[in-house]
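Work through the exercises below with the model open. Try each task before you read its solution.

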Amino acid sequence: MRMQWLWRKWLAAAVLVMAGAVAAGGANVSYDGRSLIIDGQRKMLFSGSIHYPRSTPDMWPSLISKAKQGGIDVIETYVFWNLHEPRPGQYDFSGGRDIVAFIKQIKAQGLYACLRIGPYIEGEWTYGGFPFWLHDVPGIVYRSDNEPFKLYMQNFTTKIVNLMKSEGLYASRGGPIILSQIENEYQNIEKAFREDGPPYVRWAVKMAVELQTGVPWVMCKQDDAPHPIINTCNGMKCGETFKGPNSPNKRFYQVYGQNVTLRSAEDIAFQVALFIARKNGTYINYYMYHGGTNFGKTSAEFMITSYYDQAPLDEYGLIREPKWGHLKELHAAVKLCSEAILSSFPTMQSLGQLQEAYVFSGDSGACAAFLVNANNRRSATVRFQNLTYQLPPKSISILPDCNIVAFNTAKVNTQFDTRTWRPVVKFDSAEKWEQFQEVIPQFDATTLRSQTLLEQTNTTKDASDYLWYTASFEQDSQEQQAKLSVKSLGHVLHAFVNGAPVGFGHGKFRNTSFTLESTVGLNKGTNQISLLSARLYLINTAFFIFSDSGAFLERRSLGVRSVIIQNSRGVKNFTVFPWGYQVGMLGEKLHIYTYEGSKNANWSSLGSSQQLAWYKASIWILHINCIIGCSDLLHATLYYIFATLFLRLKPVTS
């Protein structure tokens, strides 16, 4: 069964706010207690999250176009620090990292952009978006009032802001970016930093504002965001949970082994409409509008490569119904109410025990009403302005003229679509596969040595997901029933004794510890232990990302923690023992998973005797000139094929 992960359901985050503004040769973007104001006009805006590295540049135009067709006004994206600064001061904005090209495509299609710089993003992204080299900066404590961290955070934030300025991408310079974000959900962990938390927030705000982007800044989940930063709501039920703006001028905004949790189109529409009605929201962002794919090593630990396939645009960029169509109808109905919503705050009228009417009265006499039935189980008949309305359970009817219902959140008119897979090429015969035997290292061949078991992440420095632990010891008699016990903090462990596989184990999401126990045979004389510890990407959760000097936070270690062998003569503890280490595997060093790299490997016919092997199958792709509209499906098919092959290439024991 394919394991899937849905992270954070489907978020509808929202806003409305601002006071202060800006403009220099471009649009003037400001805010007050009612809405964003662009060039003097109030805006009701729907935003959708599309992350540029979770798709390919060829897909960007279509994704943005389909979002626009679905009634989206703003494209929101994180900025991924570890993609753009893989080494200190060395930047990469090429290919799928070309954020400038992505923002320009947004502009070309007439939409706005929201740039969530962070630079900590979480986002179910490896190491929360931080480059791993930060880990080795002396004295650093992440996301704290810590000078080393603030230096590098400011350097990167400044780099991104200056890049956007130089390309004229801020609205103040004629570009599409109307909002930027600094930090991300910091309030969730601020108390853990004690006295260093609040000053860090104040510093981050001051640093961001002084960069003079010409557009407002926001902070996600930061109720006490200092002026002029906008505090935003982030959650599934902002219409119920948002505490509101922190000043009168503000008011905005799957794991392996787990089953998919689906959020219906009806529930999303209900919460969006409720946020507008109850919380006066005029900016709503859908996280995600297109989830896409975590390519390469970009997932956070135990996350699958498919980020959020249940979004209005699925992993491959195809429209998913009824979510896309139902939300499109919601956006159209709300836009019909814009004049009334943007010129007044609503008055609330009780229509029953769990029924309410929120009425917006515009300056020009416009009237819009949201009739809410908060009862989850029962429909309701209500009287509003001398007319009778039927409200389904847990629904909101939108009346753009306070008379006729234009949309009800529980009534889905869009037909459900289905996605079916048709096998084009089958890899179901041994003749189509080749294998390359991975070398199992022995102690004498290693150069990195230690008298203790080293922590995996500190040893590999993110150069590889794999670390070999090797040891050599003498045995004065042959043993057939010795007991091997290995405690590991995960994520995956393969054990070999004298080159033969003897066991396999793995941890789980948020519970990586496990013990591998196996009965092994030992030779008289020299014996070799080889343990391959594999990591399923890096953590992303804020509570666990810190350096050695941040010891007041919970530590998170990976790798082998203890090794014990029990034989007829007693117990031998290898935890404190001469160990040799090898970072990565031969196949990785040969880049065997690439077309060019695979040429340098000695492949053989598929057999059953390989102890640790890479597997390869080849496929020829015929280029097809498609008519307009079919390119996305073609790309999606190719990505699916390659992703499947990549998983096949991961090492497995026979």
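Contact means heavy atoms within 4.5 Å. This is a predicted model: local features need pLDDT of at least 70, side-chain atom pairs count only at pLDDT 80 or more, and totals for chains, interfaces and linings use all residues. Residues are numbered from 1 along each chain as its sequence is written, and side-chain values use heavy atoms, with hydrogens and water left out.

**Exercise 1. The cores**

Task: Find which residues have the most contacts inside the largest nonpolar core, then list what Phe370 is in contact with.

Solution:
- Start with the term. A nonpolar core is a set of buried Ala, Val, Leu, Ile, Met, Phe, Trp, Tyr and Cys residues joined through side-chain atoms within 4.5 Å. Buried means under 20% relative accessible area; exposed is over 50%, partly exposed in between (1.4 Å probe, protein chains only).
- The largest core has 118 residues, and Ile103, Met164, Tyr286 and Phe370 have the most contacts inside it.
- Helix H7 (residues 265-279) gives the most to this core: nine residues. Helices (H or I, at least four residues) and strands (E, at least two) are DSSP runs, numbered from the N terminus.
- A second, separate core has 25 residues, including Phe473, Val497, Ile565 and Phe574.
- Now take Phe370. Set aside its neighbours within four places in sequence. Its contacts are then Ala273, Ile276, Ala277, Cys337, Ile341, Glu356, Ala357, Tyr358, Phe360, Ile396, Ser397 and Ile398.

**Exercise 2. Rings and charges**

Task: Find how many aromatic pairs the whole structure has, and examine two of them.

Solution:
- Rings of Phe, Tyr and Trp (its six-membered ring) pair if their centres lie within 6.5 Å; planes under 30 degrees apart count as stacked, over 60 as edge-to-face and the rest as tilted.
- The search finds 32 aromatic pairs.
- Tyr52 and Phe102 make a tilted pair, 5.8 Å centre to centre with 40° between the planes. Tyr52 is in the loop between strand S5 (45-50) and helix H1 (60-69), Phe102 is in helix H3 (residues 99-108), and 50 residues separate them. Both Tyr52 and Phe102 are buried.
- Phe130 and Phe149 make an edge-to-face pair, 5.6 Å centre to centre with 70° between the planes. Phe130 is in the loop between strand S7 (112-118) and helix H4 (147-166), while Phe149 is in helix H4, so the pair ties together parts 19 residues apart in sequence.
- Phe130 is buried, at a relative accessible area of 1%. Phe149 counts as buried at 1% relative accessibility.
- Finish with charges. A charge sits over a ring if NZ of Lys or CZ of Arg is within 6 Å of the ring centre and within 35 degrees of the ring normal. Arg449 has its charged end over the ring of Phe443, 4.0 Å from the centre. Lys572 does this over Phe574, at 5.5 Å from the ring centre.

**Exercise 3. A buried threonine**

Task: Is Thr77 buried or exposed, and what does Thr77 touch?

Solution:
- Thr77 lies in strand S6 (residues 74-78).
- At 1% relative accessibility, Thr77 counts as buried.
- Leave out residues up to four places away in sequence. Thr77 then touches Ile50, His51, Tyr52, Phe102, Cys114, Leu115 and Arg116.

**Exercise 4. Sheets**

Task: Give the strand order of the six-strand open sheet, then inspect strand S31.

Solution:
- Two strands pair if DSSP finds at least two bridges between them.
- The order is S20-S29-S21-S26-S23-S24, with antiparallel pairing. Strand S20 (448-452) and strand S24 (500-506) are the edges; each has a single partner strand, so one side of each lacks a neighbour in the sheet.
- Strand S21 (residues 466-475) and strand S26 (residues 525-534) run antiparallel, joined by 10 bridges. Tyr466 has Ala534 as its bridge partner in S26.
- Turn to strand S31 (residues 612-617): six of its six residues are buried. Leu612, Trp614 and Lys616 are on one side, and Ala613, Tyr615 and Ala617 on the other.
- Strand S19 (residues 433-437) pairs with S31 in the antiparallel sense over five bridges. Gln437 stands opposite Ala613 in S31.
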